[in-house]
Amino acid sequence: MMGIMVLCPVSRHLLRSSRSCGAWGRSLQRPSSKSVYTSSHGFNHEGIREKLQAFPGGSIDLVKQESGIAVLIINNPSRMNAFSGGMMVDLEEKVGQLEQWKEGKGLIIQGAAGTFCSGSDLNAVRAISNPQDGMEMCMFMQNALTRLLRLPLISVALVEGRALGGGAELTTACDFRLMASGSVIQFVHKHMGLVPGWGGAARLVHIVGSQNALKLLGGALKVDSDLGTQIGLADGVLEVPQTGEGTIGLLQQAEDWLSGYTKGPAPVIQAVKRVVVSGRELPLSEALRTEKDVFGTVWGGPANMRALANKSKHK
């Protein structure tokens, strides 16, 4: 069996050429193609972007670490880290940067000052409350969060304090959710006369199933760490340290947790994420073809050849 896996130069060339095969596989390399809406759907990207930028406040801060794990911080503590219009644009820009990060393997999203995110800033919401602008804001954020979920990075939402409304939706755009003790995720949209508009409902159904999603949305239930773990919304619970350095302690706990899934070369971790995304989103036959294409990008690559040389299959 081991002899079969030794590649001659011609075979390597042919396998390398498979990197360009498959329309969806090629789309993984083009950030814009990851978007749900384009101008063909009546979406005016530049128009809504300009309108959102008229409502500044807060920031989305990105720190890329040598470990290959980045930290994205929702930073607007005076408004419970609610998204201003400018922050929505910031988020899209930071996602674009992460799409191009070749050394990246993981991403942690957290809120500043001990709380996660309270959704959208009502000042911006009131200013774009006409149906057309509301729909375009919805499409803008669905695009940004869909691209976030499709990043070739394994992502986790670190939930401290409260994740409300759009903040709850943001947690569903990550691969995993870790809840600090005492934290709450709540889809409060019903109380605002709304339903989720940033893609949170569709993603929630995939995470917890339709019945639990109905309960969370219809009842606007407060999901604590116990309920979150029970229904599969939370993938782990982190204890808040009592040392007065809670945020630092929780972030380190989250990094330690995530590192269990990001050990190894970046191309391999990114390939793992890509085949999972294709399996989740594509029909089986297309997902299989994409898996074949992604397989071709790592077969015979440096990590594969090192593993063969070290006979590390069963380590």
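**Notebook: aromatic pairs, nonpolar cores and a surface patch**

I looked up Y261 first: at 44% relative accessibility, Y261 counts as partly exposed, a class that lies between buried (under 20% relative accessible area) and exposed (over 50%), with a 1.4 Å probe and protein chains only. I note that the model is predicted, so that local features need pLDDT of at least 70 and side-chain atom pairs count only at pLDDT 80 or more, while totals for chains, interfaces and linings use all residues. Residues are numbered from 1 along each chain as its sequence is written, and side-chain values use heavy atoms, with hydrogens and water left out.

**Aromatic pairs**

I then applied the ring criterion: rings of Phe, Tyr and Trp (its six-membered ring) pair if their centres lie within 6.5 Å, and planes under 30 degrees apart count as stacked, over 60 as edge-to-face and the rest as tilted. Helices (H or I, at least four residues) and strands (E, at least two) are DSSP runs, numbered from the N terminus.

I recorded F176, W257 and Y261 as one aromatic cluster.

**Nonpolar cores**

I next examined the nonpolar cores, each a set of buried Ala, Val, Leu, Ile, Met, Phe, Trp, Tyr and Cys residues joined through side-chain atoms within 4.5 Å. The largest has 49 residues, and those with the most contacts inside it are F83, L91, L107, I109, L148 and I185. Helix α6 (residues 131-149) gives the most to this core, with seven residues. Apart from this core lies another, of 14 residues, among them L250, L251, A254 and I269.

Not counting residues up to four places away in sequence, I109 touches L72, I74, F116, L148, V156, A157, L158, L170 and C174.

**V125**

Finally, I located V125 in helix α5 (residues 122-127). V125 is partly exposed, with a relative accessible area of 30%.

Conventions: Contact means heavy atoms within 4.5 Å.
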